[in-house]
Each structure stands twice: as C-alpha cells, then as structure tokens.
Amino acid sequence: MPDMSVTLSGLTLTNPIIPASGTFGFGYEFADLYDINVLGSLSMKGTTKAPRFGNPTPRIAEIPDGLINSVGLQNPGVEKVISEELPKLRQVYSKPVLANISGFSVDEFVECAKRFDEAQGVGILEINISCPNVHGGGMSFGTDPKAAAAVTEAVKKAVKKPVYVKLTPNVTDITVIAKAVEAAGADGVCLINTLLGMRIDLKRRRPVIANKMGGMSGPCLLPLALRMVYQVYETVNIPIIGMGGVASAEDVVEMMLAGASAVEVGAANLVDPFACKRIIEALPETMKKYNIEKLKDIIGGAH
Ligand code: SIN
C-alpha cells in the first residue's frame, strides 16, 4: 500500500480526502452506506451560533457539469451541533474532524469557535468567511482583507486548535486575502468556496433561485480552483486545503501538485454518496500510474 498520509498542523491524516462542508451532513448520515473511517477527515455542516432555517426555496439550480446552491447556512446552531450531532458522529467516526464555522459578526465567529475549541473530536476550526448566500456575514468578511484579518486574529486569540480560513473565489485577487489571513495568524487556508452565479427560468422570466443568486460548484470549477490554489501556494507559507470540482483521484493529484496538502471533495458527494470512498480506493492505482511513492512528496510539485 503506497503512503497516502498527509499532515495538517501536526494532525496526521491517513489520506488527504475530506468531504467538504455542506455536502456530507454531519457525517454519520453516510455511515449506513459505508465505513466512513476510510476518510482522511470530514468537514461538518457549516454552523452558526444560533439555529438557522436557511434561505427560501428554490435553493438549487442545475448547471451543465455542476449546480448552484443558496442554502443560506441552514443548521441547528452550535449548542445542538455539539450536544447532539457531534456525539452521533463520534459513535461512527474515530478521527478528528473539521468544524466549519460561520458568523455575522466577529464576536459570533469567536463564540462559535470557542465552543468547538472545547469539543472532543474536533481537530481543526474551519472559519468560513466565504458563504455567498447570506447578507451581512459570510462572504462579506472574505472579500475584504481587513475584515478577513480581523476575524482571523480574533478567533486565533480565543482558541488553541488550528485555525484554517476558508476563502472565496469571488475576489479579484485571492492571494491578497490569503496573505492577510496568514499575517493575522491563520494556521492554514481552505480554497475555494463556491463561485457566485445564477440561472433564469425562461417561462417565468425570473431567477430560478428564490435568493436570485447562489454558489456554483461541480467539476466545471476545477481549473479555476487549481489556478487559485497554485497562486496561493506561491504566496503563503501555511498549508492549503484545496477544493473545487474535485471528482476523481487524478483531480486530487492535480490539486496536490498545485499546492494542496489535503483535498476536500464537495459537489461530487451530491451526485454519488460513495464519491470519497471511490476516490480513496482509486488513489493507490493512480499513484502507481504516476510513480508517486508518498503522496505528501508531490505537494506543490508543479511549481
Ligand atoms: C450555504 O449554506 O449557503 C452554503 C455554505 C457556503 O457556501 O459556505
């Protein structure tokens, strides 16, 4: 068996595959389908301080080779996630997970992060400053380097666990934001979140999605995500979790060559709930094909 292990801020993952937040529930829902302990880690459904019902429906629009979502951070709130969802996950999954945290103010990010910092089974705090589907929070922090740095700095001061900041592609230059969060103390960055898009219903002559716009994801995003991971790798000295359109073991290798230390798989889970398992099983053969003995050796290899 080739060595597929990777390390994120001292945390060793048996392989780099992490289902992306919002595409894998709280993880335990998938445990009826297969033993989810094969996963390197997993990123739980995005969580806010208070419960959120999410955006009005329709929230989903199809696009060629992907989808647009405007879920609006629907979640039961941090207290319920910690008291109910996380224990259910820990019954079926033994590895540390990523807690994906969203907020509408710096204080909310900090409070949520502090709760997950104390929670058993959470290894990394994934600070989501990139949700395109809410007003006054989410992406508004991730498109301004000062606001991105302010959230990062405040969270870092309040917690002990590694802080990874999830970045939006909806900016002119993602490296400016990556540099700002690194300078503010981020232990790593995750990129990319979804790309803002829309569809119009021809019969109704109105946007398909009730919230008009939403975040595009799916295989069509891979080249864009690779470009941004490549650029950010040349800019910062902290680990990158790469994501965006990854659907195969070859895509994972490409992401790692661009500079990712681990790889999140998102929309592919919505098409095939076995996507992550399939990719993990295909990795040894793919490594053999491209003469890779240790997966970690190829990180940034395309530079
Ligand atoms: C959502 O809940 O609207 C999606 C979350 C995200 O894009 O960060």
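Leu73 sits in the loop between β5 (66-69) and α1 (78-92). Helices (H or I, at least four residues) and strands (E, at least two) are DSSP runs, numbered from the N terminus. Leu73 is not a glycine, yet its phi is positive, at about 60°. Is Leu73 buried or exposed? Leu73 is buried, with a relative accessible area of 7%. Buried means under 20% relative accessible area, exposed over 50%, and partly exposed in between (1.4 Å probe, protein chains only).

Lys212 also has a positive phi, about 70°, and is not a glycine. Lys212 belongs to the loop between β12 (206-207) and β13 (214-217).

## About the model

This is a predicted model, where local features need pLDDT of at least 70, side-chain atom pairs count only at pLDDT 80 or more, and totals for chains, interfaces and linings use all residues. Residues are numbered from 1 along each chain as its sequence is written, and side-chain values use heavy atoms, with hydrogens and water left out.

## The sheet

Seven strands form an open sheet with parallel pairing. Their order is β3-β15-β14-β9-β8-β7-β6. Two strands pair if DSSP finds at least two bridges between them. From one strand to the next, the twist averages 25°.

Look inside the sheet at β9 (residues 188-191) and β14 (residues 240-243). These strands pair in the parallel sense over 3 bridges. Leu191 of this pair stands opposite Gly242 in β14. Helix α9 (residues 275-289) packs on the sheet and touches β3 and β15 (262-265). Contact means heavy atoms within 4.5 Å. The direction of α9 makes about 175° with that of β3. Axes are lines fitted to C-alpha atoms, for helices over the stretch in contact, and angles run from 0 to 180 degrees between N-to-C directions.

The axes of α5 (residues 174-183) and α6 (residues 222-233) come within 9 Å and cross at roughly 45°. The two helices are therefore oblique to each other. Angles under 35 degrees count as roughly parallel, over 145 as roughly antiparallel, 65 to 115 as roughly perpendicular and the rest as oblique. Ile174, Thr175 and Ala178 of α5 meet Met228, Gln231 and Val232 of α6.

## Cis peptide bonds

The bond from Thr57 to Pro58 is cis, with omega near -5°. Pro58 lies in the loop between β3 and β4 (60-63). Another cis peptide bond joins Leu191 and Ile192, with omega about 10°.
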